[in-house]
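Please keep the sequence and the model in view while reading.

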Amino acid sequence: MKRQPRNLLLALGLAGAMSTAAAAGLQGTLRVTVPFSFHAGQVVLPAGQYSIEQLSTPWTLLIRGKTTSNLIYVRAIPAQKDQREPSSRLVFNKYGDHYFLAQIWSGGTRMGAQLPGSKREREMSTSLHPDRVVLALGK
């Protein structure tokens with residue numbers, strides 16, 4: 001019985017740490033020009049200008065096309081690095097001529113977002129090794 005309170009405190013501590021990390025999230029709205037079509041979640045988006053922001057719903061991201069009517073919501077997983085990112089950046093996994101949005105990092109913070117691989121990306125990863133493509137968004 002003595003272990004139950006200790007386990008409960010440990011669980012609450014971990015939940016609190018995760019909530020704090022999630023609350024930090026992505027900072028502000030990121031604006032980017034993506035020069036190629038790409039997969040975000042289950043959707044393929046054309047090349048173009050996009051804004052990305054974290055909504056108040058935990059780890060739900062809004063990706064909105066500036067010059068198109070594209071508007072999608074994607075779920076993300078919190079990611080954290082040991083050191084601050086010098087600039088915001090998007091990381092894509094590239095299989096052949098298919099690009100999959102994999103990570104989003106906010107400049108000046110250690111926090112980022114990891115997008116789970118889609119079914120299509122998982123299928124492609126069984127036969128191809130991805131290249132990493134990074135789009136830096138400036139400081």
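Which residues of the largest nonpolar core touch the most other members? The model is a predicted one, and in it this core comprises 25 residues, of which Phe38, Ile63, Phe92 and Ile104 touch the most other members. The elements that give two or more residues to the core are strands E1 (30-34), E2 (38-40), E4 (48-54), E5 (60-65), E6 (71-75), E8 (89-95), E9 and E10.

These strands belong to a chain that has two helices and 11 strands. Read along the sequence, the elements follow the pattern α-β-β-β-β-β-β-β-β-β-β-α-β. The chain has 139 residues, and buried residues make up 37% of them. Among contacts with a separation of 6 or more, 54% are accounted for by residues 24 or more positions apart. The chain exposes about 8600 Å², with carbon and sulfur atoms supplying 55% of that area.

Leaving aside neighbours within four places in sequence, Phe38 is in contact with Val43, Val44, Leu45, Pro46, Tyr50, Phe92, Tyr99 and Leu101. Phe36, Phe38, Tyr50, Phe92 and Tyr99 form one aromatic cluster.

The structure holds five aromatic pairs. In one of them, Phe36 and Tyr99 are stacked, at 3.7 Å centre to centre and with 15 degrees between the planes. This pair links distant parts of the chain: Phe36 lies in the loop between E1 and E2, while Tyr99 lies in strand E9, 63 residues apart. Both Phe36 and Tyr99 are buried. Phe38 and Phe92 form an edge-to-face pair, with 5.5 Å between the centres and 75 degrees between the planes. This pair, too, links distant parts of the chain, with Phe38 in strand E2 and Phe92 in strand E8, 54 residues apart. Phe92 has a relative accessible area of 0% and is buried.

Strand E8 also holds Arg89. Not counting residues up to four places away in sequence, Arg89 touches Lys81, Gln103, Ile104, Trp105, Val134, Leu135, Ala136 and Leu137.

Arg110 is found in the loop between strand E9 (98-105) and strand E10 (111-114). Arg110 is partly exposed, because its relative accessible area of 36% lies between the limits of 20% and 50%. The C-alpha atoms of Arg110 and Arg84 are separated by 4.3 Å, although the two residues are 26 residues apart along the chain.

Technical notes
Residues are numbered from 1 along each chain as its sequence is written. This is a predicted model: local features need pLDDT of at least 70, side-chain atom pairs count only at pLDDT 80 or more; totals for chains, interfaces and linings use all residues. Side-chain values use heavy atoms; hydrogens and water are left out. Helices (H or I, at least four residues) and strands (E, at least two) are DSSP runs, numbered from the N terminus. Buried means under 20% relative accessible area, exposed over 50%, partly exposed in between (1.4 Å probe, protein chains only). A nonpolar core is a set of buried Ala, Val, Leu, Ile, Met, Phe, Trp, Tyr and Cys residues joined through side-chain atoms within 4.5 Å. Contact means heavy atoms within 4.5 Å. Accessible areas come from the Shrake-Rupley method with a 1.4 Å probe; for residues, only the protein chains shown count as cover. Rings of Phe, Tyr and Trp (its six-membered ring) pair if their centres lie within 6.5 Å; planes under 30 degrees apart count as stacked, over 60 as edge-to-face and the rest as tilted.
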